[in-house]
Amino acid sequence: MFDKSETEQEVAEFLLQIKAVKLQPNDPFTWASGWKSPIYCDNRVTLSHPAIRTYIRQKLVRLIQDEFGPVACIAGVATAGIPQGVLVAQELGLPFVYVRAKAKEHGTGNLIEGDVFEGQRVLVVEDLISTGKSSLQAVDALRAAGCDVAGLVAIFTYGFDLAVQNFKDAGCKFAALSNYKALVEYAEQHQYISKSDVYLLEQWRENPAEWGQIATT
């Protein structure tokens with residue numbers, strides 16, 4: 001059985017340990033979206049650490065089996081979801097495809113790379129969920145190709161209300177190995193951050209767009 005609480009804490013530990021997650025409440029990062037953020041998460045770093053890579057692969061497989069049941073194909077979301085998806089597909093002995101951010105501008109013009117067919121039950125793998133926009137674009141592409149999308153799994157989610165609503169509106173179930181709340185709790189307990197940092201991190205989580213405006217004034 002998948003132990004949700006234990007896994008959340010262990011994944012948080014690993015991400016902080018290898019600096020796949022960096023917390024800088026007083027020196028925020030700027031995301032591609034323009035948001036100012038006290039956290040930066042790059043789960044691609046896990047691929048450089050075999051033991052952690054193996055742990056994440058095995059936990060993603062268990063999460064899929066427990067939450068979604070049998071699936072016929074694994075789909076990765078370009079680009080960071082591709083290697084994680086390949087590892088999961090290999091573990092399960094399933095076909096793998098990946099979904100581009102936009103269709104090729106040459107050759108066949110593919111949006112989905114690999115073979116899918118109508119009615120095929122597909123599980124989408126992501127590395128990270130923020131607003132869910134790019135993840136759900138991949139879900140839409142697979143549905144347009146006739147696939148039955150079982151849902152989506154990720155290593156980490158920020159847990160934004162916007163993402164929860166976006167997935168709900170899309171009728172797409174999702175689950176993650178760890179989340180922002182578990183990460184902040186672990187970081188405080190193990191002195192990666194101070195109590196005053198926790199307040200800033202919680203404020204950002206409640207309203208990241210407004211937090212960014214305040215942080216830049």
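Contact means heavy atoms within 4.5 Å. Helices (H or I, at least four residues) and strands (E, at least two) are DSSP runs, numbered from the N terminus.

## Basis of the model

This is a predicted model, in which local features need pLDDT of at least 70 and side-chain atom pairs count only at pLDDT 80 or more, while totals for chains, interfaces and linings use all residues. Residues are numbered from 1 along each chain as its sequence is written, and side-chain values use heavy atoms, with hydrogens and water left out.

## Helices α1 and α6

In α1, the residues Glu 8, Gln 9, Ala 12, Glu 13 and Leu 16 meet Ala 182, Leu 183, Glu 185, Tyr 186, Ala 187 and Gln 189 of α6. By class, this contact has six nonpolar, two polar and three charged residues (Ala, Val, Leu, Ile, Met, Phe, Trp, Tyr, Cys and Pro count as nonpolar, Asp, Glu, Lys and Arg as charged, and the others, Gly among them, as polar).

Helix α1 spans residues 4–17 and helix α6 residues 180–189; they pack at an angle of about 65°, with their axes 9 Å apart. Axes are lines fitted to C-alpha atoms, for helices over the stretch in contact, and angles run from 0 to 180 degrees between N-to-C directions.

## The six-stranded sheet

Six strands form an open sheet with mixed pairing, in the order β7-β6-β5-β8-β9-β10. The strands β7 (112–113) and β10 (174–179) stand at the edges with a single partner strand each, so one side of each is left without a neighbour in the sheet. Two strands pair if DSSP finds at least two bridges between them.

Among the bridge partners are Ile 74 with Phe 96 in β6, Leu 123 with Gly 151 in β9, and Thr 157 with Asn 179 in β10.

Helix α3 (residues 81–92) lies across β5 (73–77), β6 (96–99), β8 (121–129) and β9, and runs at about 165° to β5. Nine of the 10 residues of β9 are buried, so this strand is largely enclosed by the rest of the structure (buried means under 20% relative accessible area, exposed over 50%, partly exposed in between, with a 1.4 Å probe and protein chains only).
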